[in-house]
Amino acid sequence: MLEDFYIDTYNKVWGNKDIGGAVQITSTNNTLNIESGSNIYTITIPPGTYHTEYTLNKSELIEAIAEEFEYNQFPVQVYLGGNHKDVKYNSIVFRLSDGSEIQDINGSFFDEFFNSI
């Protein structure tokens, strides 16, 4: 499930993939499921090109994902994370705002933009 991901003390799950620069979302990589113990929150990210700028700490992709969760009234928060492993990069960070823990994340978006470096 989430063994390969950093989960901080606030139950935020940090992605392993750099989303810096331009990211292309299509119908083949736009589904995302966030699972808690009792719910599955599913969104579809609108196709398009989204830009993330590390130095400005700004991401159109994070904004688009947040809008989908808000529109559906799901208790999922999404953040732009800054990681500093061998190089500095931006990743996606998820947290449930209802106090529950994320049990799993999956979908075509997860496979391409969250799962691996």
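1. Strands β6 (residues 48-53) and β7 pair in the antiparallel sense, over 2 bridges. Strands here are DSSP runs of E, at least two residues long, and helices are runs of H or I, at least four, numbered from the N terminus. Two strands count as paired if DSSP finds at least two bridges between them. In this pairing, glutamate 53 stands opposite lysine 58 in β7. Threonine 52 has serine 59 of β7 as its bridge partner. The hairpin of β6 and β7 has 4 residues between the strands, and asparagine 57 takes a positive phi near 55 degrees there.

2. A note on the basis of these values. This is a predicted model: local features need pLDDT of at least 70, side-chain atom pairs count only at pLDDT 80 or more, and totals for chains, interfaces and linings use all residues. Residues are numbered from 1 along each chain as its sequence is written, and side-chain values use heavy atoms, with hydrogens and water left out.

3. The β6-β7 pair belongs to an open sheet of 3 strands, ordered β3-β6-β7, with antiparallel pairing. Its edge strands are β3 and β7 (58-59), each pairing on one side only. On the β3 side, 5 bridges join β3 to β6, and these two run antiparallel. Isoleucine 25 has its bridge partner in β6, namely glycine 48.

4. Another open sheet has 4 strands in the order β1-β2-β9-β8, again with antiparallel pairing. The edge strands are β1 (6-7) and β8, and each pairs on one side only. Between β8 and β9, which run antiparallel, there are 9 bridges. Asparagine 83 has tyrosine 89 in β9 as its bridge partner.

5. Aspartate 8 sits in the loop between β1 and β2 (13-14). Its relative accessibility is 12%, so aspartate 8 counts as buried. The cut-offs: buried is under 20% relative accessible area, exposed is over 50%, and partly exposed is in between (1.4 Å probe, protein chains only). A polar atom of the aspartate 8 side chain lies 3.0 Å from the backbone nitrogen of lysine 12. Aspartate 8 and arginine 95 are 87 residues apart in sequence and 10.0 Å apart in space, C-alpha to C-alpha.

6. Lysine 12 lies over the face of tyrosine 79, at 4.5 Å from the ring centre. A charge sits over a ring if NZ of Lys or CZ of Arg is within 6 Å of the ring centre and within 35 degrees of the ring normal.

7. Asparagine 33 deserves a look. Asparagine 33 is in strand β4 (residues 31-35). With 15% relative accessibility, asparagine 33 counts as buried. Its side chain makes polar contacts with the side chains of threonine 42 (2.6 Å) and asparagine 106 (2.7 Å). A polar contact is a pair of N or O atoms within 3.5 Å; within protein, one must be able to donate a hydrogen and the other to accept it, and residues adjacent in sequence count only if both atoms are side-chain atoms. Leaving aside residues up to four places away in sequence, asparagine 33 touches Ile40, Tyr41, Thr42, Asp104, Ile105, Asn106 and Gly107. Contact means heavy atoms within 4.5 Å.

8. Aspartate 104 is in strand β10 (residues 104-106). At 16% relative accessibility, aspartate 104 also counts as buried. The aspartate 104 side chain makes a polar contact with the side chain of asparagine 106 (3.2 Å).

9. Rings of Phe, Tyr and Trp (its six-membered ring) pair if their centres lie within 6.5 Å; planes under 30 degrees apart are stacked, over 60 edge-to-face, and the rest tilted. Phenylalanine 69 and phenylalanine 94 have ring centres 6.2 Å apart and planes at 85 degrees, so this pair is edge-to-face. It links distant parts of the chain, with phenylalanine 69 in helix α1 and phenylalanine 94 in strand β9, 25 residues apart. Both phenylalanine 69 and phenylalanine 94 are buried. Ring pairs link Phe5, Phe69, Phe94, Phe110 and Phe114 into a cluster.
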